[in-house]
Amino acid sequence: MASTTQTNAAEGPVAGLTSRWASAAADTPAIWKILSLALIFGAWEIAGRTNFNYAFPGFLETMAALWEMIADGSMGAAYLRTAEPLVLGLVISLAIGVSSGVAMGLRRDVEWLTLPIFITMQAAPMAALIPLVTFVYGIGLASKVLAVVMLSLPVIAINSYKAVRNVPSSLVDMSRSFMGSRRQQVFGIILPAASPMMFAGIRLGVAEGFSGAVLAELLITPTGIGDLITYNRSIAKFAHMYAAIFSIVALAVITVSLLHRLEVTLFRPEKRGV
Amino acid sequence: MNVTHLSESRAHSAPAAGDAARDAIIEVEGIHKIYGGSVTALENINLDFHRGALTSLLGPSGCGKTTLLKILAGLLQPTSGEVRVNGTPVTGPGPERAFVFQDFALMPWATVLRNAAYGLELRGVSLREREERARHYIDEVGLSGFEDKYPHELSGGMRQRVGLARALAVDADVLLMDEPFSAVDEQTRRKFQEDLIRLREIEKKTFLLVTHSIEEAVYLSDRIVLLSPRPGRVAQIVTPEIDRSGDPDAIRRTPEYLDLIDEIWAGLRTYVE
Amino acid sequence: MEIYGYRVPAAAALIVWVVIWEIVGRFDLLLMFPPFTEVLASLPDVIGTPSFAEAARITVVSYLAGLALAIVVGIGIGLLMGLVKRADQILNMWVNIFLSAPLSALVPVIMILFGMGSPTVVATVFMFAVWIIALDTRAGVLHASPSLLEMGRAFGASRGQRLKLILLSALPEILAGIRLGVIRGVKGVVIGQLLVSIIGVGALFSLYSQNFLMAHFWALILILFAFALSLAELINRLEARVEYYAGSRS
């Protein structure tokens, strides 16, 4: 019973990274963001116009190709295909990752048995398993979903675990001192207190999931957005290939920053002080 | 100046302040606490805490005063020994004790009202009744008007008032306060201490206060238990004879108050360095 | 974790998992897992081949080259961002974008620009590792205590000396960034070779899957994982030696 409360003396520097990332983007004014975009895209356009490489279209050419693909519907169709393994994989990762992370945070025996696996998964190049998964489960949806899960699960699980572990021990003690049952401690104190950091972990997991989906479509069989990239490369329509890559990177970045904004609105009152 | 001449039998010891005050609500018997099999935090603590009195546990950092308080609260288990509250051995937290935390331990996602009512919420008191009682105590600690604020909108001192209201709301016999004013700035702390004296007149409760401030202990306590560090032992027990009925600010100028601070410091300074 | 008062080391849990793996493999419970002993038995087989030696060489060389480049450039960008506000306002957004972007999608571009050889792998490692190093260096520089810098100025330190002061006080963050960069770089070296697929471990993986050599496949993955984990551990140790420094700063 006292197991979770006594060990909090060893609070490591775990929360540092995510919060630092979070604070970095927020304080730049919008004008500078636009200027920054213009500057980099301008450099891209100039580099494209110098023709240093036959396969390097400029920014405007790429945008034209992007517009063409959006207009003729091929982009939309591709994303419908890509969304399938991505969403399915993320849902699975979320369910398994959060529940196992919370279980590890609450119980020492679960932590002992499961944490080394997740730590290994997070530090090791899980992408190496994708060919194996393909080898065993074939080139269908199952392999692609597994690829997404393999990349996004560890970060979600480990952050949920750390989130539970980082709940201030005095809050749990407080609940105990007012004779809260274990159930009341977990659902009334630990989970609400852990949710901001858990959400940050989920955000990182979604970013990894995008990576997994792209890798799956490039490595297993070209479908969806991976097909747009591979096909356009094979017929040397490089502007279209760049447009496809641009779109998936932009989509991932926009999704992640929207999640971040949601995180700030949901948990903002707690971010200040306390 | 040595330590030994200051004992409970000295001039400061309480005269027969009525038998009710002598009645021990908490009895501590032979408490040892050893961490990790080797570090002795507390060694053979034997103490009584009197009903209706405010007792301070005073000592330098590392003397185990917070450990002792948490053992009394039932949040920590002693390695050996026994604590009895109202004659019943303590095995865990109980309804007759309420804890006030050093870092306030407020739920950042809940309003002042909900935080103050949390102890009652855990006991299954209906929403209306617990909010009514919480409002009463929020008012009593001087926070009325802030019921719907969140902890991050309050100053440190105000947050601790919420912690105090929460502890009062469950109507426990004993309030265990773990350095409640240490995270609060000096001016706020003084005001808080004065309010606590006033509050004691309304709420006839037993208070146990852990502090490292000699001034605070002397200012507030009926009885001061001095603990020595490494391992934590009871070094001496002092009973201040200070009349707190008048102007709370005048207390700080009385010779009894000032002399006692000097005396305690003379005894404690050997442990610091 | 403790059982009957004895501390059971965390690594023991991995042994439990290996045993489970062996059982799963023996009884063909999951198609993906051949018995662990079989994987171990094929280890010498994998390591002994000349193509493995070649793969190991490509992997190590391009990893080290890419990482070295990432460390130099990353610290440079980070310093620039930490010291020059204008540079920070322009670069900050991009560094953050690349930190959360699916970088694997950019590998096809790298392949076109750098060809189907190890330069692509080097570039991939660089791309995976550089951003986090830059960001952590920036954080370290911004974190450097103002009073320390004022001290430097008060005692008449030259520009170069002050820069050294900043670099040293940012060292804990820089090292933390490098540790994450090391881990990301390993992912980069594997993903790069998988996508290029005709060199290094990528070629080996294709070879094994074409010939249905499951145990070999796993043996190669074990080697890669061991490589990644020992690198991470090495950096952890290094970081622990600098820790005192971060602790005494605050």
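Mentor: Start with pairing: two strands pair if DSSP finds at least two bridges between them. Strands (E, at least two residues) and helices (H or I, at least four) are DSSP runs, numbered from the N terminus. This is a predicted model, where local features need pLDDT of at least 70, side-chain atom pairs count only at pLDDT 80 or more, and totals for chains, interfaces and linings use all residues. Residues are numbered from 1 along each chain as its sequence is written, and chains are lettered from A and ligands numbered from 1 in the order in which they are written.

Trainee: How many bridges join E1(B) to strand E4 of chain B?

Mentor: Five, and the two strands run antiparallel. E4(B) covers residues 80-85. Within this pair, B:Ile26 stands opposite B:Val85.

Trainee: Which way does E1(B) pair with E2(B), parallel or antiparallel?

Mentor: Antiparallel, over eight bridges. E1(B) spans residues 24-35 and E2(B) residues 39-50. Here B:Val28 stands opposite B:Leu47. The hairpin has three residues between the strands, and B:Gly36 takes a positive phi near 55 degrees.

Trainee: And side chains along a strand?

Mentor: In a regular strand they alternate between the two faces of the sheet.

Trainee: Why is chain B called as compact as a globular protein of its length?

Mentor: Compare the radius of gyration, taken over C-alpha atoms, with the globule rule, 2.2 Å times the number of residues to the power 0.38. Chain B comes to 18 Å, close to the 19 Å that the rule gives for 273 residues, so it is as compact as a globular protein of that length. Its C-alpha atoms fill a box of roughly 55 × 45 × 40 Å along the principal axes. The chain holds nine helices and 10 strands.

Trainee: What share of chain B counts as buried?

Mentor: A residue is buried if 20 or more other C-beta atoms, placed from the backbone, lie within 10 Å of its own; it is exposed if 12 or fewer do, and partly exposed in between. In chain B, 45% of the 273 residues are buried.
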